[in-house]
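Keep the viewer open and follow along.

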Amino acid sequence: MRKFTIAALALAAVASFAVSAPAATRDTVRLGMVLEPPVLDPTVSPASAIREIVTNNLLEGLTRITADGSIKPALAQSWTVSPNGLVYTFKLHTGVRYHDGSPFSSADVVYSLRRAMDPAAANPGRNLFRAIDKVEAPDPATATITLKYPFATLPYVLAIGDSSIVSEKTVANNRTNPVGTGPFKFSRWVKGDRVELIKADTYRDKDKIKLNRTVFRFIPDPNAVVNALLAGDLDAFPLGVPAEAIAQFKKDKRFKVSIGMTEGETILAINNAKKPFDDLRVRRALSLAVDRHAIIDGVMSGYGAPIGSHFSPLHPAYIDLTGVYPHDPAKAKALLAEAGHPNGFQVTLRLPPPQYARKGGEVIAAQLAKVGIQAKLEPLEWAQWLDQVLARKDYDLTIISHTEALDYDRYGRDNYYWNYAGNKDVAAMVERADREINPAERNGILQEIQKRLALDAVNVFMFQLPKIAVWRANLVGLWENSPSPSNDLTDVYWK
Amino acid sequence: MSAVIAQRLFAFLATLLATSLVVFLVLEVLPGDSAQIMLGVDAEPDAVAALREKLGLNRPAAERYLTWLAGFMTGDLGDSYTYSVPVIELIVDRIAITIPLAVMAMVLTIAIALTTGVFAAAHHNRPGDWGVMLGAQIGIAMPNFWFGILLVLFFAVTLGWFSAGGFPGWEDDPLDAFKALILPAVSLALVQSAILARVTRSAVLDVLREDYIRTARAKGLSKRAALWGHGLRNAMIPVVTVMGLQFAFLLSGTIIIENVFYLPGLGRLIFQAISQRDLIVVKDVVMLMVIKVVVINFLVDLLYVAIDPRLKTAT
């Protein structure tokens, strides 16, 4: 009898808390993310989690990247380029205010960009500003950027988080309390759990913004992500829903599934300086041995576009080079024999933590075994990967997704972790592309680069990392693709 | 008595000093560069070097050790490399979850374990005993995260009574915050109480065989009265010992349950700090954990004395 009473009391206690999960109010949206940002200032840290929260929402650049990847004006109303391509003149919006009420002017542009270029600062993205000679403010509503050489990517560079326009007055606290000019202002950050933004009354187009409040919650565990969506704790998970769970969400009418593309080229990276990979035939054999479709099916449940070079299929200059090395184990074996390895060889395959690498490693090891290459799998945590692979180049093969947009320029770098021997040639091509103002000519050079990387088989180019998203069926305006890391909420509303 | 306290204090400080040295040395040999991790894959080498300088990572190890130790002694735990906020703020945020969760789980554990354990002992070798032991066996065998997932699927996904996880914070609505900890506390308590119930049962059984229980029965007390009046208190020493260990474990933050319910507790903080090489956070949190274990052990010793006054003279 006593036990029964206790049980009844316990049930009553549970029931008294059993208020059903609060229905999302129509002016709030709750988004989930896998990783928590370390800080909220994109000008001091490269973490994409920062950009996914603040870019286009809290902080703005002179320009912005839109859902389809095109570059539009943001803090600049418009801009003109001098005929020689060296001077960009930006006409700025007037009457713009920061979230703390202070006015924005061209002085802030000069301050922000000079700070971003400052060699003494520990700014991870400084290389982006390599072409800029000087930034000036002829009057409060005009900013000019003078280049050392023509640099056609400038409007794009000005749109990303690294180029966010900040106020000198508040910049010191931007890591934990960012102040910008965007449609949403910082409300609070409960470390480890969530960041909250609220609509900014200071925003110049505030009547167009339909959301009053947005919450970004951090859920690292894939099972918990699925449960949080099903339980109604989240309205959207815009990037990184586990691929295995997609079938379940597709059947559920409450949700919309969106499979888009990120800028993440996922590759089997090769240490080109290490024997036997210094031999082009061996690298080509690797490319022929790997079956991209089997990897996409096995690792990503079939989501992800195959690629044949290091270039995003979203870009207008993209050419499909997957046919250069079709899956052909017999030809791979013949090439290996020709290179003096008729019985294959042994390699280590170092794997960072993401699923595409850990699961992908197993699939690739099985495929390499079929042509005689024995791959020993070595799981590493991120810190070890950055140290051993990226910094010390102590590896044979590794799997990694390069998530920056337009990151083909890495192939031109000296001393990058691939140890690519053709880097000087690629660097020259990248510079030619940088300097080319005519878009068609420029795309031609970008295609040359794609072909060169494929022919040199620098790495095995596998697939473009998909943007696997799930959101409430009546939520409108989130990005399908991810041309740049951002969850732009400017046009998001409930139907 | 004061000699005893002095002796304990000395042991406490020696433990802390030894631990601090071990923690520091272990983190010294850990591969990975904090500055490189913060700036990421595409950082220029000179930017990484500038950050290393700023964080003071280039100074000699002995100097860094002494600076850290001196800071710790004076209550200055330093700033987190990753979050750029004082470590103490991070820890305070996290223990606002971990301590209430540990207390809730422990209260549940004690309530379940003592009632079922004593019940099983009183029904020794009868169906009630078998039932409890079978339940305890299942509880021990079942991983708590799996039980946590089942609870989420049933109470959050199917019934919608609870959130699937997360923690809203105490400042807005304490009731909501309390509610967010119920399912995690139940998941933790299930396994812990299974262990504690078994300990309680065998401790009570041992006591029931003692002469003084037979004497109590002989002078006419009912079995129940003999058990509650004479048996229970004597059976408590091993039970309290295990309780102390369990509470120390729960207070360290339970990384797996924190992951299932995505609670930003102490376990997740230290896990993140290790993987991001936020070494200052790792060092500080480990030291706090050591302090906490030593304090709990001390409290358990005090409880022994309260339970069995004979121990007072023994020390």
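In helix 7 of chain A, the buried residues are Val282(A), Arg283(A), Arg284(A), Ala285(A), Leu286(A), Ser287(A), Leu288(A) and Ala289(A). Buried here means 20 or more other C-beta atoms within 10 Å of the residue's own, with exposed at 12 or fewer, partly exposed in between, and C-beta atoms placed from the backbone. That makes eight of the ten residues of helix 7 of chain A buried, so this helix is largely enclosed by the rest of the structure. What do they pack against in chain A? The partners of the buried residues are strand 12, helix 9 (329–338), helix 10 and strand 17 (460–472) of chain A. Two residues pack, or are in contact, if their C-beta atoms, placed from the backbone, lie within 7 Å. Helices (H or I, at least four residues) and strands (E, at least two) are DSSP runs, numbered from the N terminus.

A word on ground rules. This is a predicted model, where local features need pLDDT of at least 70 and side-chain atom pairs count only at pLDDT 80 or more, while totals for chains, interfaces and linings use all residues. Residues are numbered from 1 along each chain as its sequence is written, and chains are lettered from A and ligands numbered from 1 in the order in which they are written.

Now zoom out to chain A as a whole. Chain A has 13 helices and 19 strands. Its radius of gyration is 25 Å, close to the 23 Å that the globule rule gives for 495 residues, so chain A is as compact as a globular protein of that length. The radius is taken over C-alpha atoms, and the rule is 2.2 Å times the number of residues to the power 0.38. Along the principal axes, the C-alpha atoms of chain A fill a box of roughly 85 × 70 × 40 Å. Of the 495 residues of chain A, 48% count as buried. Take the contacts in chain A with a separation of 6 or more: 70% of them are between residues 24 or more positions apart.

Leu211(A) sits in the loop between strand 9 (194–199) and strand 10 (213–218) of chain A, and is buried, with 22 other C-beta atoms within 10 Å. Leu211(A) and Tyr493(A) are 282 residues apart in sequence, yet 6.5 Å apart in space, C-alpha to C-alpha. Leaving aside neighbours within four places in sequence, Leu211(A) is in contact with Asp27(A), Thr28(A), Val29(A), Lys199(A), Leu489(A) and Val492(A).

Next, two helix pairs, one in each chain. Two packed helices are described by the angle between their axes and the distance between the axes. Axes are lines fitted to C-alpha atoms, for helices over the stretch in contact, and angles run from 0 to 180 degrees between N-to-C directions.

| Helix pair | Angle | Axis distance |
|---|---|---|
| Helix 8 (residues 292–300) and helix 10 (residues 355–369) of chain A | roughly 140° | within 9 Å |
| Helix 5 (residues 87–122) and helix 13 (residues 279–307) of chain B | about 55° | 10 Å |

Helix 8 and helix 10 of chain A are therefore oblique to each other; angles under 35 degrees count as roughly parallel, over 145 as roughly antiparallel, 65 to 115 as roughly perpendicular and the rest as oblique.

On the helix 5 side, Val87(B), Leu90(B) and Ile91(B) meet Ile280(B), Val281(B), Asp284(B), Val285(B) and Leu288(B) of helix 13.

The peptide bond from Lys275(A) to Pro276(A) is cis, with omega near 0°, and Pro276(A) lies in the loop between strand 12 (255–270) and helix 7 (280–289) of chain A. Asn56(A) has a positive phi of about 75° although it is not a glycine, and Asn56(A) is buried, with 25 other C-beta atoms within 10 Å. In chain B, Tyr262(B) has a positive phi near 35° and belongs to the loop between helix 11 and helix 12.

Finally, the contact between the chains takes 45 residues from chain B and 40 residues from chain A.
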